[in-house]
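Please examine the sequence and the model shown below. The paragraphs that follow treat the pockets, the sheet and the helices in turn.

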Amino acid sequence: IYVETDLEGISGVYKFAQTREKDTPLNIQACEYFMGDLAEVIRGLRDGGADEIVVIDGHGNQALIPHLMVPGATYLTGKPRPGVDLLDKSFSGVVLLGFHAMNGTPDGVLCHTQSSKTEHKFWYNGVESGEIAQSSAKAGYYGVPTIMVTGDVATCREAKKFLGNNIITEATKEGVARESAILYPFD
């Protein structure tokens, strides 16, 4: 299983100060939250029979904390990654962990597309699409289905819009505005 990650959709993360400037107290705490969500997904995948899990640290300034990695997966982090893309047809599924809704989503916590500091919008075949659609299209190129998406309620709604009602989603919070959320307990 290929696990592509981001930080904005992680439990407890609701303001850009947690995601943008690396190694600040708020960012370190958000990365700890990230490692908790990631550990639970890895445990669930292993319990479900996955025998190989590859985690790709997909957040721009990276979120992985090595001493908190749980066994049962391999982890790719760091920048730059010239020519390194581990996704290929050998994977059985893709999990999008900690994702966020596309730019302009009214109830999307930390919503954006590509850059949280700009107001980019992207269309594919005339349909406005965010990072969920982008990552899933890339996986689809290799014939690998996206099997699960985690993030806020708006992210889960967007995943169902693009991937169908059978996609497994897990909401980590509910958006009130771009930097305001009803947080759910970590367990």
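A pocket is defined on a 1 Å grid over the protein atoms alone, as an open set of points where a 1.4 Å probe fits, with protein on both sides within 12 Å along at least five of seven lines; lining residues have an atom within 4 Å of a point. Grid points are joined across faces, edges and corners, and a volume is the space filled by probe spheres set on the points. The model is predicted: local features need pLDDT of at least 70, side-chain atom pairs count only at pLDDT 80 or more, and totals for chains, interfaces and linings use all residues. Residues are numbered from 1 along each chain as its sequence is written, and side-chain values use heavy atoms, with hydrogens and water left out.

The second largest pocket holds about 450 Å³ of space. Its lining comprises 19 residues, and Asp37, Glu40, Val41, Glu170 and Phe186 lie nearest its centre. H1, S7 and S8 each give two or more residues to this lining, with the largest share, seven residues, coming from H1. Helices (H or I, at least four residues) and strands (E, at least two) are DSSP runs, numbered from the N terminus. By class, the lining has 10 nonpolar, five polar and four charged residues; Ala, Val, Leu, Ile, Met, Phe, Trp, Tyr, Cys and Pro count as nonpolar, Asp, Glu, Lys and Arg as charged, and the others, Gly among them, as polar.

The largest pocket contains about 620 Å³. Of the 30 residues that line this pocket, Glu4, Gly58, His59, Gln114 and Glu131 lie nearest its centre. Here H2 gives the most to the lining, with four residues, and the lining divides into six nonpolar, 13 polar and 11 charged residues.

The sheet is considered next. Six strands, in the order S3-S2-S1-S4-S7-S8, form an open sheet with parallel pairing, where two strands pair if DSSP finds at least two bridges between them. Strands S3 (74–76) and S8 (168–171) each have a single partner strand, so one side of each is left without a neighbour in the sheet. Strand S2 (residues 54–56) is joined to S3 by three bridges, and valine 54 stands opposite threonine 74 in S3.

Two helices lie across this sheet's strands. Helix H1 (residues 25–47) lies across S1 (2–5), S2, S3 and S4 (94–97), at about 155 degrees to S4. Helix H2 (residues 131–141) lies across S1, S4 and S7 (146–151), running at about 165 degrees to S4. Contact means heavy atoms within 4.5 Å; axes are lines fitted to C-alpha atoms, for helices over the stretch in contact, and angles run from 0 to 180 degrees between N-to-C directions.
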